[in-house]
Amino acid sequence: MTGVRQYETDIAIIGAGGAGIAAGVEALDAGASAIAFEKSSEVGGAAIISGGGCLIVGSPLQKQNGIHDTPDLAFKDWIAWGGPSADEVWARYYIEHSLHDLYHWAEGLGVKWVDLKVQEGNSVLRWTRAERNGLGLMTHLIEGFRSKGDEIVPETEITELSIEDGRVTGGEGRDVKTGDPVAVRSKAVVMTTGGFNSNLDMVLEFKPDLGNHKVLEGSGRGATGTGHRLIRQAGGYLTHMDHIWFYVYATPDYRDPAQRRGLVFRLVPGNIWVNQQGRRFHNEARSGGNSATPALMAQNPRHAWAIVDTPMTATMEIADPYYRDGDKVVRAKVVELLDNSPFICKADTLAELARKMDADAPTFLATVER
Ligand SMILES: Cc1cc2nc3c(=O)[nH]c(=O)nc-3n(C[C@H](O)[C@H](O)[C@H](O)COP(=O)(O)OP(=O)(O)OC[C@H]3O[C@@H](n4cnc5c(N)ncnc54)[C@H](O)[C@@H]3O)c2cc1C
């Protein structure tokens, strides 16, 4: 114990992921001082391992690709997709500001928007990907935050909010490594602690029907819902807790001693998914939680193989900090996963691969051929 580490700032940001870093950049631009507290040693949250695709309406990229998009069309899609629980005021605000407050704003910080991808619920291409996905997007945002002169304090978890006269005036926490106490005093606190998909108990609390399935934790390691508890304690309320989005294109993390984590892989163009019987069952371009997940859950057993050849793995990324060094993907570690995971089979011929997968060889060979 070395005594209490103390901080004083205009704005305390709890959680240095996508929302926290963006809030910090905005605070600094508006002339306030800001400090972001991050419980992980890695900054960037789930956002840095994400696909980095953002819904942007009326972008130059859409125009270059001959896509005519309008806020009205995007709003119609959003409401049709979100159903009765969609927040119409927020949807309209977000859509009308996405071009200037997100696309151009991020470009101003060095982000390069590179392409558009099909995304469920959108009638035109508007899911806009940043160069190097979430890693590229967040690297520029974090650099922007730091270059404006303010601080990100890693390995520091905020565990309590301080409340005086009904107002949040800072927080208390601890150094994750040493356990030493941390005290923060601020004019305002921005709570950006992310989601809770890496807390299976909490996932099952809000989605008990998933209790019969094998669900892996695949979000940012810090997405454990700590902020939800703090917000409740401070008198805030939470909504839409059962709206949880699951991806299926992941493989169990064989390095996780608890065997709870999943690793999302991406940038493997042309990979096809086959079920245990060796049959393709879904359009892999529609990889989101609303169509790919139910399609996989309808298989028996409920898993699939993603079939790739060696050249297709050249650009493969694994959504986990172990597989990169700073903002660079460590290719050798991707190869290490492909070589060593007991959940991945390798073979020199498709027939041998079918045998290793224990799939029906004629069906599998015909699927790949087709
Ligand atoms: C594999 C994957 C792919 C995705 N792809 C996309 C995509 O393409 N497009 C898209 O829009 N969304 C995508 N998402 C979702 C997106 O990443 C999240 O919605 C987004 O990152 C949420 O931002 P956030 O700032 O709220 O949380 P995060 O980015 O997770 O940041 C929260 C941070 O708070 C920290 N924290 C938590 N509690 C505390 C505490 N008590 N004290 C201090 N720090 C704390 C966490 O460690 C974390 O760093 C994807 C998610 C995953 C996992």
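A: In this predicted model, helix 1 (18-29), helix 2, strand 7 (156-164) and strand 11 (262-266) each supply at least two residues of the shell around the ligand. Helix 2 provides the largest share, four residues. In total, 33 residues surround the ligand. The closest of them are Ala19, Glu38, Ala46, Gly53 and Thr226. Sorted by class, the shell contains 18 polar, 11 nonpolar and four charged residues.

Some contacts can be described atom by atom. Thr226, one of the closest residues, has a polar side-chain atom 2.7 Å from a nitrogen atom of the ligand. At Ala47, a polar backbone atom is 3.0 Å from an oxygen atom of the ligand. At Gly45, a backbone N or O atom lies 3.4 Å from an oxygen atom of the ligand. How much of the ligand does the protein bury? The ligand taken alone exposes 1,000 Å², and the protein buries 80% of that area.

Rolling a probe the size of a water molecule over the atoms shows where empty space is left. Searching the whole structure gives two cavities of 30 Å³ or more. In the lining of the largest cavity, however, helix 6 gives the most, with three residues. By class, that lining divides into seven nonpolar, four charged and three polar residues.

The second largest cavity has a volume of about 30 Å³. Lys214, Leu216, Pro252, Asp253, Gln259, Arg261 and Phe343 line this cavity. These residues divide into three nonpolar, three charged and one polar.

To put the parts together: the ligand has a shell to which helix 2 makes the largest contribution, while helix 6 gives the most to the lining of the largest cavity. Polar residues number 18 in the ligand shell, and nonpolar residues number seven in the lining of the largest cavity.

Notes
Residues are numbered from 1 along each chain as its sequence is written. This is a predicted model: local features need pLDDT of at least 70, side-chain atom pairs count only at pLDDT 80 or more; totals for chains, interfaces and linings use all residues. Side-chain values use heavy atoms; hydrogens and water are left out. On a 1 Å grid over the protein atoms alone, a cavity is a set of points where a 1.4 Å probe fits but cannot get out, and a pocket is an open set with protein on both sides within 12 Å along at least five of seven lines; lining residues have an atom within 4 Å of a point. Grid points are joined across faces, edges and corners, and a volume is the space filled by probe spheres set on the points. Ala, Val, Leu, Ile, Met, Phe, Trp, Tyr, Cys and Pro count as nonpolar, Asp, Glu, Lys and Arg as charged, and the others, Gly among them, as polar. A residue is near a molecule or strand if one of its heavy atoms lies within 4 Å of it. A polar contact is a pair of N or O atoms within 3.5 Å; within protein, one must be able to donate a hydrogen and the other to accept it, and residues adjacent in sequence count only if both atoms are side-chain atoms. Accessible areas come from the Shrake-Rupley method with a 1.4 Å probe; for residues, only the protein chains shown count as cover.
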